[in-house]
Amino acid sequence: MGNDAKNQRKTVILEGLFIILCAICLVLPQWHRQGLILGMDVSFQYNRFYEAYMQLRTGHWNFFQSLFSFDQSGRIVNAVYGNGLAYLGGLIMWKLHDWLQFQMLMAFLCELTAGFTMLAFLRRLRLRSWIAVSGAVLYMSSFVVNTWILNQSVTGWGAALLPLVFIAGVAVLDNHRKSFNPILLGSAMALLVMTHLVSALLGAIALVPFFIVGFMQSRQRSQLIQKGLVAVVTAIILAGSSLLGLFEVQSSNHLYTPWHNKHMMDATANLSTGDNGMITIGLIFSVLFVFQIVLVLSSWRRRTTQERVLTATGAVFLILSSKLFPWVSVAKQSDFMAGLQFPWRFSVIAFILLLAGFGLTLQRWITAVAQREEIMRALYATGAIILAMTAMTLIDTRTSYWHGDNPTGAGDNAQIIHTRDPKKIRAIFADKNLLVGIQNLQRPNPDYLPLPANKHQNKMHGYTLYDREIIHNTLPVKKQITADNALEYTWHQKNAATVTVPAIIYAHSAVRVNGVATAPAKIKKTGIGAARIQAKQGQNTLVVGYQQPRLLPIILIIQIIAWVGVCMAGIKALVRWGIRRPSKHENTRGDDPQDVRIK
């Protein structure tokens with residue numbers, strides 16, 4: 001093996017080790033304090049993970065219904081919301097059986113994924129190693145990734161996976177080299193769909209400029225269209241169960257959608273001189289982003305296609321995430337846009353693309369004047385280190401709440417925790433029975449509950465109903481799981497009466513009332529789909545299952561086989577890369593990328 005090949009492999013290994021070290025450092029504050037971070041979304045997300053964990057542990061598998069979590073109400077969540085991430089978390093919890101260890105490992109994996117995907121994207125741009133590594137560390141240290149650690153927001157996992165999409169996007173611009181791999185793009189989009197649908201939507205929208213420019217400059221347009229179709233089909237196959245679950249439930253029910261934020265201007269991301277946070281870009285990122293945008297716009301004709309597309313697209317998404325976009329009027333006019341809730345989510349795309357664009361700018365300067373490299377390397381690395389330390393400080397601050405007088409202080413959970421005693425709260429989440437923790441921290445979130453067809457969504461009313469009819473339902477119901485993976489509710493009635501059972505009924509639910517099969521349409525339901533049953537005097541039983549589509553097992557088998565094939569192809573490619581020799585024309589050093597301009 002030649003020296004160039006050895007050096008290249010050594011560089012890749014060192015880059016990987018540095019990213020692993022950085023991911024460890026970002027999680028270290030929590031490991032040192034041994035404290036849980038109970039963020040805004042902890043109740044909803046950890047119920048999802050607990051559901052997957054218990055289904056894997058017990059073998060009681062129901063793709064649609066929640067059998068163990070969400071107060072065993074039978075509501076549908078994982079089937080329509082990131083089932084891939086849910087079952088990954090469930091598998092990890094099955095092995096760890098501890099909320100603190102689970103949280104720290106998931107935090108580490110999120111940071112590690114973000115670091116590796118961003119590094120791969122930046123190296124795909126042929127950036128020098130130190131530029132790519134510094135850019136990856138900057139991205140790992142940003143709030144768009146750390147929101148998973150701080151708030152348990154799945155947007156962080158979406159941010160960790162999104163750079164994969166742009167590896168394919170940049171390849172579209174280089175399609176004349178036949179470097180666009182539709183299987184890679186399809187796999188990346190499938191991972192996003194199985195993790196966070198909003199991130200998948202943002203990634204798809206952000207790819208549009210790449211495909212338009214790639215199409216304009218391509219001499220093989222029909223081939224590009226064919227590859228694009230292959231990517232779409234690949235994504236559908238690899239995310240088949242997620243798409244089926246979403247279609248099945250959405251098409252047969254009128255559902256509560258996620259909270260419509262009518263005050264979206266308060267949730268925008270803006271340039272700032274302080275730290276990077278949910279609604280503040282922070283000093284270092286603000287300077288980098290504005291500088292990159294101004295530089296490219298002022299020297300547009302001298303910029304490469306990559307620099308133009310990356311910077312222009314990043315700038316558009318930065319504007320969309322800010323107060324420069326008229327979010328007040330848009331939210332009033334469009335329930336769909338209001339359903340996106342937080343405009344700062346658009347900044348995820350801006351972080352990825354503008355960091356990549358700045359990396360290209362930095363490399364161009366260094367290539368032009370070699371003497372600048374040491375100074376620029378020191379400055380860029382310094383910025384990355386400062387941001388990483390800032391992120392560690394923020395994580396440490398959130399973790400410190402756990403051992404204080406307000407363990408729920410990291411998120412807005414004080415109103416939903418069943419006890420205010422800090423010692424009891426810590427004991428609850430240390431209990432070997434993992435259900436105790438989430439049972440004592442139940443947020444009455446009505447997302448994806450069935451809404452009566454003749455009623456308009458009132459989210460606050462949905463919260464109230466869910467809290468009263470499910471979480472604090474006074475009917476003395478005994479709940480258990482049947483052999484055919486349905487939920488059975490049993491209670492004793494002193495007198496015949498109509499009662500609200502804490503069980504959610506959907507259009508395709510399989511219902512038996514006191515042994516009699518009953519069509520869901522004939523069951524009276526409340527405003528959130530809870531069953532209203534005419535109970536007899538004495539013992540009463542309600543069994544609620546779900547009529548799963550016949551296609552589901554077939555789609556799951558195809559999906560599993562397809563993922564095995566993709567993983568094997570990926571391993572084969574890595575092995576082939578490991579043993580091949582770089583050609584004499586291959587750019588192993590990461591010098592200035594090819595200057596390809598829009599014609």
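Author: A cavity here is a set of grid points where a 1.4 Å probe fits but cannot get out, and lining residues have an atom within 4 Å of a point. The model is predicted.

Reader: How many cavities of 30 Å³ or more does the structure hold?

Author: Five cavities reach that volume.

Reader: What volume does the second largest cavity have?

Author: Its volume is about 50 Å³.

Reader: Which residues line the second largest cavity?

Author: The lining is made up of Phe143, Val144, Ala269, Asn276, Gly277, Met278, Thr280, Ile281, Trp344, Ser347 and Phe351.

Reader: And which helices each supply at least two residues of that lining?

Author: α6 (143–151) and α16 (347–368) do.

Reader: Surface next. Which residues form the nonpolar patch?

Author: The patch consists of Ile13, Leu14, Leu17, Ile20, Ile24 and Phe116, and together they have about 520 Å² of accessible area.

Reader: Where does the largest share of the nonpolar patch come from?

Author: Helix α1 (residues 3–33) gives five residues, the largest share of the patch. Ile24 is one of the residues in helix α1.

Reader: Why does Ile24 count as partly exposed?

Author: Its relative accessible area is 38%. Partly exposed covers the range between the buried limit, under 20%, and the exposed limit, over 50%, so Ile24 at 38% falls in the middle class.

Reader: Backbone now. What is the phi of Gln34?

Author: Gln34 has a positive phi, about 50 degrees, and is not a glycine. Gln34 sits in the loop between α1 and α2 (42–58).

Reader: Is Gln34 buried, partly exposed or exposed?

Author: Gln34 is partly exposed, at a relative accessible area of 36%.

Reader: What about the phi of Tyr448?

Author: Tyr448 is not a glycine either, and its phi is positive at about 70 degrees. The loop between α19 (435–439) and α20 (459–471) holds Tyr448.

Reader: Buried or exposed, Tyr448?

Author: Tyr448 is buried, because its relative accessible area is 9% and buried means under 20%.

Reader: Last topic. Where does Ala168 lie?

Author: Ala168 is in helix α7 (residues 155–173). With 1% relative accessibility, Ala168 counts as buried.

Reader: How many residues apart in sequence are Ala168 and Ala188, and what is the distance in space?

Author: The two are 20 residues apart in sequence, and their C-alpha atoms are 8.8 Å apart in space.

Terms used:
Residues numbered from 1 in each chain as written. Predicted model: local features only at pLDDT ≥ 70, side-chain atom pairs only at ≥ 80, totals over all residues. Heavy atoms only, no water. 1 Å grid on protein atoms, 1.4 Å probe; cavity = no way out; pocket = protein on both sides within 12 Å on 5 of 7 lines; lining within 4 Å. Points joined across faces, edges and corners; volume = space filled by probe spheres on them. Helix = DSSP H or I, 4+ residues; strand = E, 2+ residues; numbered from the N terminus. Patch = residues over 30% accessible without salt bridge, like charges linked within 9 Å, V, L, I, M, F, W, Y side chains within 5 Å. Areas by Shrake-Rupley, 256 points an atom, 1.4 Å probe, with all protein chains shown as cover. Salt bridge = Lys/Arg side-chain N within 4 Å of Asp/Glu carboxyl O. Buried < 20%, exposed > 50% of the residue type's maximum accessible area, 1.4 Å probe, protein only.
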